[in-house]
Amino acid sequence: MADRSDTIASALQNTLRPAAFLDRDGVLNVDHGYTYRPEDLKLMPTTAAAVRLLNEAGHLVIVVSNQSGLARGYFDEASVRQFNAQLKEALRTLGARIDAFYYCPHHPDGKVSAFAISCQCRKPQPGLLEQAARDWPIDRVRSFLIGDKDDDIAAARAFGIRGAKFNATEGTLEALVRRELARGAR
C-alpha cells in the first residue's frame with residue numbers, strides 16, 4: 001500500500017514529460033548573425049526530422065534563445081515573435097512541432113535601456129529553462145539541451161540537465177537527437 005506522498009509522487013511522474021531544450025540560431029536554423037527576418041529563415045539540414053523524433057518520443061520541444069539583437073537595437077520583439085512563428089510554421093508543414101519559445105532580450109552592453117542589463121535569463125544563466133519549468137510539467141531527469149555554444153551547455157548544467165553541443169560540420173541534428181534519446185533510455 002502506498003502512502004499519500006507515494007501517490008502524489010506517482011501522479012506527478014505520470015504528468016511530467018521530458019523536454020528537449022533547443023537553441024535556435026545555429027541549431028534549428030542557419031545563423032546569419034542576428035537572424036530575425038522571416039525571409040532569412042533557412043532550416044539546418046535534418047531539423048524537421050530531429051524535431052519529429054523528439055515529438056514521437058514524447059518530449060516537449062522548447063526553444064531557448066539569447067536574442068541580444070533586441071538590446072542592441074537591431075530589431076524589436078515583434079520581429080522575434082514573427083521569426084519564431086515562421087520557424088514554427090515551417091516545421092509544422094514538415095510534420096514537426098515546437099511546443100514553446102523562450103528568448104532573452106538582454107545584454108549588458110545593449111543600446112536599448114530597457115534591455116541593457118545583466119539578467120538570469122541570458123544563457124549561460126538558466127533563467128529561460130527555469131521559466132519553462134514553471135510553465136510546463138518538465139521531468140528534468142529525462143530532459144536535455146542541445147546548443148551550439150558553450151553558454152548553452154553551461155545553462156543546461158546550471159539547470160541540472162545534460163547538455164549536448166551541436167556542430168554542423170561534425171554531424172546532423174537528427175543524429176545528435178538520436179544519440180541523446182538513446183542516452184536517456186538507458
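Strand E1 (residues 19-22) and strand E2 (residues 60-66) pair in the parallel sense over four bridges. Two strands count as paired if DSSP finds at least two bridges between them. Strands and helices are DSSP runs, numbered from the N terminus: a strand (E) has at least two residues, a helix (H or I) at least four. Ala-19 stands opposite Leu-60 in E2. For Ala-20, the bridge partner in E2 is Val-61.

This is a predicted model, so local features need pLDDT of at least 70 and side-chain atom pairs count only at pLDDT 80 or more, while totals for chains, interfaces and linings use all residues. Residues are numbered from 1 along each chain as its sequence is written, and side-chain values use heavy atoms, with hydrogens and water left out.

Now widen the view. E2 also pairs with E3, again in the parallel sense, over five bridges. Here Ile-62 stands opposite Ala-100 in E3. Five strands form an open sheet, with parallel pairing, in the order E3-E2-E1-E4-E5. Which strands stand at the edges? They are E3 (100-104) and E5 (162-165). Each has a single partner strand, so one side of each is left without a neighbour in the sheet. From one strand to the next, the twist averages 20°. Angles run from 0 to 180 degrees between N-to-C directions, and axes are lines fitted to C-alpha atoms, for helices over the stretch in contact.

Next come the helices. E1, helix H2 (residues 47-56) and E2 make a right-handed β-α-β unit. Right-handed means that, with the strands pointing away from the viewer, the path from the first strand over the helix to the second runs clockwise. E2, helix H3 (residues 77-93) and E3 make another right-handed unit of this β-α-β kind. Helix H5 (residues 150-159) lies across E1, strand E4 (144-147) and E5. H5 runs at about 170° to E5.

How well covered is E2? Six of its seven residues are buried. Buried means under 20% relative accessible area, exposed means over 50%, and partly exposed lies in between (1.4 Å probe, protein chains only).

Ile-146 gives a view from strand E4. Its relative accessible area is 0%, so Ile-146 is buried. The C-alpha atoms of Ile-146 and Ala-20 are separated by 7.5 Å, although the two residues are 126 residues apart along the chain. Leaving aside neighbours within four places in sequence, Ile-146 is in contact (heavy atoms within 4.5 Å) with residues including Phe-21, Val-27, Ala-164 and Leu-176.

Look next at the rings. A search of the whole structure finds three aromatic pairs. Rings of Phe, Tyr and Trp (its six-membered ring) pair if their centres lie within 6.5 Å; planes under 30 degrees apart count as stacked, over 60 as edge-to-face and the rest as tilted. One of the pairs is Phe-21 with Phe-159: the centres are 5.8 Å apart and the planes at 80°, so it is edge-to-face. Phe-21 lies in E1 and Phe-159 in H5, so the pair ties together parts that are 138 residues apart in sequence. Both Phe-21 and Phe-159 are buried.

Last, consider confidence. pLDDT is the predictor's confidence in each residue, from 0 to 100. The chain has a mean pLDDT of 92, and 91% of its residues reach 70 or more. Over residues 1-12 the pLDDT is below 50. Where pLDDT is low, the predicted coordinates should not be read in detail.
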